[in-house]
Amino acid sequence: MSLVLVIDDEPGIRSVLHDILTDEGYSVICAADGIEGLTLLKENPVDLVILDVWLPNMGGIDVLKQIKEDYPDLEVIVISGHANIDMAVKAVKLGAFDFIEKPLSLDRLLTICRNALHLEELRKENTNLKRSLFVEDEIIGQSPGIRTVKERIRQSAASDAKVLILGDNGTGKELVAREIHRQSSRASGPFVEVNCAAIPDTLIESELFGHEKGAFTGAVSRRKGKFESADGGSLFLDEIADMSLTAQAKVLRVIQEQLFQRVGGETPFNVDVRLIAATNKDIQEEIRSGRFREDLYFRLNVVPIRVPSLRERLEDLPLLADYFLKKFATGSGVNERPRTLSGGAMQVLRDYSWPGNIRELKNFIERINIMSDEESISGETALYYLGEQQVSSAHTDLRDYLDLRLNEAKELFEKRFLETKLQECGYNISHTAGTLGIYPSNLHSKIKKYSIEIKK
Ligand SMILES: Nc1ncnc2c1ncn2[C@@H]1O[C@H](COP(=O)(O)OP(=O)(O)OP(=O)(O)O)[C@@H](O)[C@H]1O
Ligand SMILES: [Mg+2]
């Protein structure tokens with residue numbers, strides 16, 4: 001539902017416009033002067049402004065200039081009396097969408113509103129298209145692990161099934177979510193992302209489901225939630241395991257009943273949304289420890305997709321490095337020809353643990369691209385820019401153990417071995433345990449025994 005802001009000093013005009021626009025299905029908020037209008041704009045996601053050019057305090061033209069400066073894409077329709085038609089023309093020159101004369105012709109007003117909102121929609125769609133064409137990465141890789149991911153994306157895109165994407169930091173979970181949306185029949189609908197970890201517990205409900213005017217202090221107008229914004233498209237619940245148990249219960253209810261209510265509202269809404277969720281946490285572990293609801297997990301986990309860490313698919317490293325080298329070469333404009341990695345540099349990259357996965361690789365390549373002037377990146381340069389993160393504990397020597405008793409030596413070895421393996425697997429417990437062929441509970445007790453630090 002679009003939100004229209006009416007700025008007019010005449011109460012009569014405000015109330016007429018309010019009623020007509022509400023009847024047409026718009027949400028409407030009103031301000032009696034420019035200053036109040038600008039304040040409301042800051043606090044509300046307004047889609048269209050109707051502005052009287054003749055205003056007390058701050059003149060309409062100044063208000064228009066300010067709006068166009070702060071929100072260049074927001075359309076403004078100007079109302080003018082017969083006596084100040086010159087100002088209306090000036091307003092259009094300054095970027096107003098159109099003007100309408102008093103006495104107001106309702107048909108003309110509604111047509112102009114519809115056209116302005118349509119233009120805004122097109123503009124948004126255009127930005128989204130551009131973003132998907134130029135900014136996003138393709139999913140690069142030929143390894144069996146990434147092939148499975150691509151296959152799962154293809155299968156799940158064909159249906160409306162819920163998808164749960166698991167994987168460590170920076171492995172490409174968001175990229176996978178966007179790709180599912182792009183390949184699905186909802187591709188022309190919105191892709192709405194919610195970072196559950198970033199929203200305070202007290203606001204999550206209003207963020208997801210929206211609120212009615214006056215639902216709580218600060219709710220000055222009705223507001224759409226993410227579920228509503230994603231209508232006809234996909235809703236990506238990122239970092240889902242960071243959501244509080246209370247919020248989890250609410251999301252579960254929406255999934256079960258297919259209905260939700262705005263905070264402070266009664267009317268149940270039904271939206272057509274495809275859910276895609278992701279987390280970098282060990283979800284089984286979160287369930288065991290009571291931090292994640294098992295019933296919600298089963299609901300979301302219809303199609304599970306596990307994105308492998310970079311260490312698990314080192315054979316993709318040359319392809320990925322090459323892709324990013326090309327990407328940053330053309331992006332920066334400084335060096336036309338993409339740099340290459342020497343054999344030595346490639347070996348350094350292979351030996352590295354990549355706790356930050358693809359994101360870390362991407363950042364690393366961007367960094368050497370800016371900082372180094374070598375055409376073919378040497379091993380030393382690569383090592384230097386990987387910096388302190390370089391694994392050193394991996395290279396231990398038998399001499400470290402020679403003064404110890406057998407039992408002590410075994411234990412020291414076990415500790416170092418586990419530390420290295422955990423680091424390699426990005427400190428994902430179940431994954432490390434899997435690689436080692438032991439139970440996660442067993443790995444837990446060893447971590448405790450040796451006081452191994454789990455870094456995140
Ligand atoms: N297979 C891939 N090919 C090309 N680029 C990739 C690939 N995987 C990830 N990237 C890029 O790496 C960066 C990190 O990916 P993304 O944000 O999707 O990771 P994430 O798993 O959501 O990370 P986090 O857990 O930190 O949220 C992005 O810039 C993404 O475009
Ligand atoms: Mg992410």
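## The ligand between two domains

Ligand 1 lies between domain 2 (159-306) and domain 3 (310-389), because both domains give residues to the shell around it. The shell holds 16 residues, of which D137, I140, G172, K173 and E174 come nearest; a residue counts as near when its C-beta atom, placed from the backbone, lies within 6 Å of the molecule. By class the shell has four nonpolar, seven polar and five charged residues. Here Ala, Val, Leu, Ile, Met, Phe, Trp, Tyr, Cys and Pro count as nonpolar, Asp, Glu, Lys and Arg as charged, and the others, Gly among them, as polar. Helices α7 and α15 (357-371) each supply at least two residues of this shell. Helices (H or I, at least four residues) and strands (E, at least two) are DSSP runs, numbered from the N terminus.

The model is predicted, and local features need pLDDT of at least 70, side-chain atom pairs count only at pLDDT 80 or more, and totals for chains, interfaces and linings use all residues. Residues are numbered from 1 along each chain as its sequence is written, while chains are lettered from A and ligands numbered from 1 in the order in which they are written.

## Domains

The domain assignment gives domain 1 (3-131), domain 2 (159-306), domain 3 (310-389) and domain 4 (398-449). Such bounds come from an automatic or database domain assignment.

The C-alpha centres of domain 2 and domain 4 lie 37 Å apart. Their contact takes five residues from domain 2 and four residues from domain 4, where two residues are in contact if their C-beta atoms, placed from the backbone, lie within 7 Å. The side of domain 2 that touches domain 4 has no nonpolar, two polar and three charged residues.

## Helices α6 and α7

Helix α7 (residues 173-183) packs against helix α6 (residues 144-157) at an angle of about 40°, with the axes 8 Å apart. Axes are lines fitted to C-alpha atoms, for helices over the stretch in contact, and angles run from 0 to 180 degrees between N-to-C directions. The two helices are therefore oblique to each other; angles under 35 degrees count as roughly parallel, over 145 as roughly antiparallel, 65 to 115 as roughly perpendicular and the rest as oblique.

The crossing of α6 and α7 is right-handed, meaning that the near helix is turned clockwise from the far one by less than a right angle (left-handed if anticlockwise). From α6 the contact uses V149, I153, R154, S156 and A157, and from α7 V176, E179, I180 and Q183. These residues divide into five nonpolar, two polar and two charged.

## Helix α16 and its partners

Helix α16 (residues 379-386) packs with α15 at an angle of about 120°, and their axes are 10 Å apart. This crossing is right-handed. F364, R367, I368 and M371 of α15 meet T381, Y385 and L386 of α16, a set of five nonpolar, one polar and one charged.

Helix α14 (residues 343-351) also packs with α16: the axes come within 7 Å and cross at roughly 35°. The contact joins G344, A345, Q347, V348 and L349 of α14 to G379, T381, A382, L383 and L386 of α16. It has six nonpolar, four polar and no charged residues.

## Backbone details

Most residues other than glycine have a negative phi, and most peptide bonds are trans. N357, which is not a glycine, has a positive phi of about 55°; N357 is in helix α15. A cis peptide bond joins K102 and P103, with omega about -5°. P103 is found in the loop between β5 (98-101) and α5 (106-135).
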